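Open the model in your viewer and get ready to select residues by number. Each stop says what to pick and what is there.

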Amino acid sequence: FRLIPNIYIGWFISFILTHIFVEPHSFHALSTGFIKSIPEILLVAFSGLRWKLYLGVMWYLSAMLLSMSVLYPLLLKLKENFFYFAFVGFVFIMGFLFQTVGSFSAPTEHYGYIYKGVLYSFTLLLGGSICYKVSLFLYKYNYSLFSRIAFSVIEWMLIILSIAYMQVHKAFKGDYVIVLFFMISITICFSDASFDKILFNRSIFYWLGDYSFSLYLGHSYWRNIQRYILPVSWDYKDRMIAYTFISLVTGLLIMYISKWLKMIWNKKRVKIRKLLFI
């Protein structure tokens, strides 16, 4: 529920921009596009009901929620034993993807029974469960200065290596190594074994964490639309600066409109419920 306002504001902006700059904006085109995008709006497009997508990044939200709808009941049922299941599931699905796909690319391709993106989501959620369990184990200890320095160096070295890799390599089997790098760095981060808490436990980083989701929802359509609205004479650098600026502003717009809607809901929800229910 916390994510819904941001998601639908981002979707609405994408819908409007697409029909202004890329597709027809007649009543017929708008109504047809809306009907075809209902599975996307309901966040079930990656169940296989995918018809028309306006907000490209919604694929992961749909895949994540569908995967969680399977994994969360298993977690409640199996409790501690779930983490053995998570390890085995993670290893086998990773092995299957490694041999059949060879990367984490093309999430929208369909196997005939499931989207690749849903398998990616299952894998990453199971991997996150493993990280969580290991971080709880590490969290129990008090670490010396030497240990914290060592953990901090390992964590940030793996993050920097991963980002550098993604800048210079196209998708291939090295993706799976990068996933393991991120798992190690995330585990260290959440185990409180490094200096992260000292460095980042500040209000600006909480704000950035909140903002990042809106930025995620507000950047992808500008990548597709920019060629229709920016001057043809602009080079790559000019386009990248414009794209970055517009995406940042759109992220702010999504975040603060959603905050405003939540504030109205919190003030009016009692009256709204009385209006709807006896």
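**Stop 1: two loops**

Select K79, in the loop between α4 and α5. Helices here are DSSP runs of H or I with at least four residues, strands are E runs with at least two, and both are numbered from the N terminus. This is a predicted model, where local features need pLDDT of at least 70, side-chain atom pairs count only at pLDDT 80 or more, and totals for chains, interfaces and linings use all residues. Residues are numbered from 1 along each chain as its sequence is written, and side-chain values use heavy atoms, with hydrogens and water left out.

Now check the backbone. Most residues other than glycine have a negative phi. K79 has a positive phi, near 55 degrees, and is not a glycine. Is K79 buried or exposed? K79 counts as exposed, at 57% relative accessibility. The cut-offs are under 20% relative accessible area for buried, over 50% for exposed and in between for partly exposed (1.4 Å probe, protein chains only).

Next, select D192. Its place is the loop between α8 and α9 (196-200). Phi is positive for D192 too, near 60 degrees. D192 is partly exposed, with 24% relative accessible area.

**Stop 2: two cysteines**

Select C131 and C189. How far is the sulfur of C131 from the closest cysteine sulfur? That sulfur is in C189, 11 Å away, which is too far for a bond. A disulfide is a pair of cysteine sulfur atoms within 2.5 Å. The search of the whole structure finds zero disulfides. C131 is buried, at 7% relative accessible area. C189 is partly exposed, at 31%.

**Stop 3: the largest pocket**

Rolling a probe the size of a water molecule over the atoms shows where empty space is left. The search uses a 1 Å grid over the protein atoms alone. A pocket is an open set of points with protein on both sides within 12 Å along at least five of seven lines. In a cavity, a 1.4 Å probe fits but cannot get out. Lining residues have an atom within 4 Å of a point.

Select L124, L125, G127, G128 and S129. These lie nearest the centre of the largest pocket, which is lined by 21 residues. The volume is about 630 Å³. A volume is the space filled by probe spheres set on the grid points, which are joined across faces, edges and corners.

Show the helices next. α4 (58-78), α5 (82-100), α6 (116-139) and α8 (174-190) each supply at least two lining residues. Which helix gives the most? α6 does, with eight residues. The lining has 17 nonpolar, four polar and no charged residues. Nonpolar covers Ala, Val, Leu, Ile, Met, Phe, Trp, Tyr, Cys and Pro; charged covers Asp, Glu, Lys and Arg; the others, Gly among them, are polar.

**Stop 4: the second largest pocket**

Select F104, M166, F182 and R223, which line the second largest pocket. The volume is about 390 Å³. Three of its lining residues are nonpolar, none is polar and one is charged.

**Stop 5: the cavity**

The count comes to one cavity of 30 Å³ or more. Select its lining: E40, L43, A45, F46, L53, L55, G56, M58, W59 and S62. The largest share, three residues, comes from α4. By class, the lining has seven nonpolar, two polar and one charged. The cavity's volume is about 30 Å³.
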